[in-house]
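Dear colleague,

Please find below the structure that I am handing over to you.

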Amino acid sequence: MALTNDDLLSISQLLDVKLKAEIQPIKNEMQTLRNEIRSVKTELQGEIQAVKTELQGEIQAVKAELQGEIQAVKAELQAEIHQIKLFQENIMMPRLNTIESCYTSTFDRYKNSIEEYERMQADNELMKEIIMEHSAQLQKMA
């Protein structure tokens, strides 16, 4: 027995209706899943934003705390540098100036003494020669 086009069309329509009836719950379930996914997505975005806001707040708090500590360390360093400068100006520099003047005056004295010492040594050599000559002359006379 051969099926006519009308028969085939009727069978197709019956299958379409049955297929639609069975696919509809799947579509409904998919739509429910989409809605749940959107809901979860919205909820996660809210939580992410909350965490982001909280972290930004914590970062700002830590930044402010660090800036406060940096300012305290900076002020302490400036105070210590000021004390060092005062120590250098009031204690070290006068002492260095005293040491410098002492060395300079000692150098000048030694410089002058060395010149005098060299002259005295030359005079002694000359006197030795003269005394030796006189001694030789006296011995000849004796």
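Does Glu125 count as buried, partly exposed or exposed, and at what relative accessibility? Glu125 counts as partly exposed, because its relative accessibility is 40%; buried means under 20% relative accessible area, exposed over 50%, and partly exposed in between, with a 1.4 Å probe and protein chains only.

Before the other findings, a note on the basis of these values. This is a predicted model, in which local features need pLDDT of at least 70 and side-chain atom pairs count only at pLDDT 80 or more, while totals for chains, interfaces and linings use all residues. Residues are numbered from 1 along each chain as its sequence is written, and side-chain values use heavy atoms, with hydrogens and water left out.

Overall form

The chain has one helix and zero strands; helices (H or I, at least four residues) and strands (E, at least two) are DSSP runs, numbered from the N terminus. With a radius of gyration of 57 Å, well over the 14 Å that the globule rule gives for 142 residues, the chain is more spread out than a compact globule. This radius is taken over C-alpha atoms, and the globule rule is 2.2 Å times the number of residues to the power 0.38. Along the principal axes, the C-alpha atoms fill a box of roughly 185 × 45 × 15 Å.

Met1 and Lys128 are 127 residues apart in sequence and 165 Å apart in space. For Leu96 and Ala79, the separation is 17 residues in sequence and 24 Å in space. Met1 is placed in the segment before α1 and counts as exposed, at 97% relative accessibility.

Surface

Of the 142 residues of the chain, 1% count as buried. The accessible surface of the chain comes to about 13600 Å², of which 61% belongs to carbon and sulfur atoms; such areas come from the Shrake-Rupley method with a 1.4 Å probe, and for residues only the protein chains shown count as cover.

A nonpolar surface patch of about 670 Å² is made by Phe87, Ile91, Met92, Met93, Leu96, Ile99 and Tyr103. Patches are made of residues with over 30% relative accessible area and no salt bridge, where like charges are joined within 9 Å and nonpolar side chains (Val, Leu, Ile, Met, Phe, Trp, Tyr) within 5 Å. Met92 lies in helix α1, which covers residues 5-141, and is partly exposed at 33% relative accessibility. Leu96 is also found in helix α1, and its relative accessible area of 44% makes it partly exposed.

Charges

A search of the whole structure finds one salt bridge, defined as a side-chain nitrogen of Lys or Arg within 4 Å of a carboxyl oxygen of Asp or Glu. Lys128 forms a salt bridge with Glu125, and their closest N and O atoms are 3.9 Å apart. Both residues lie in helix α1, three residues apart, about one turn of the helix.

Yours sincerely
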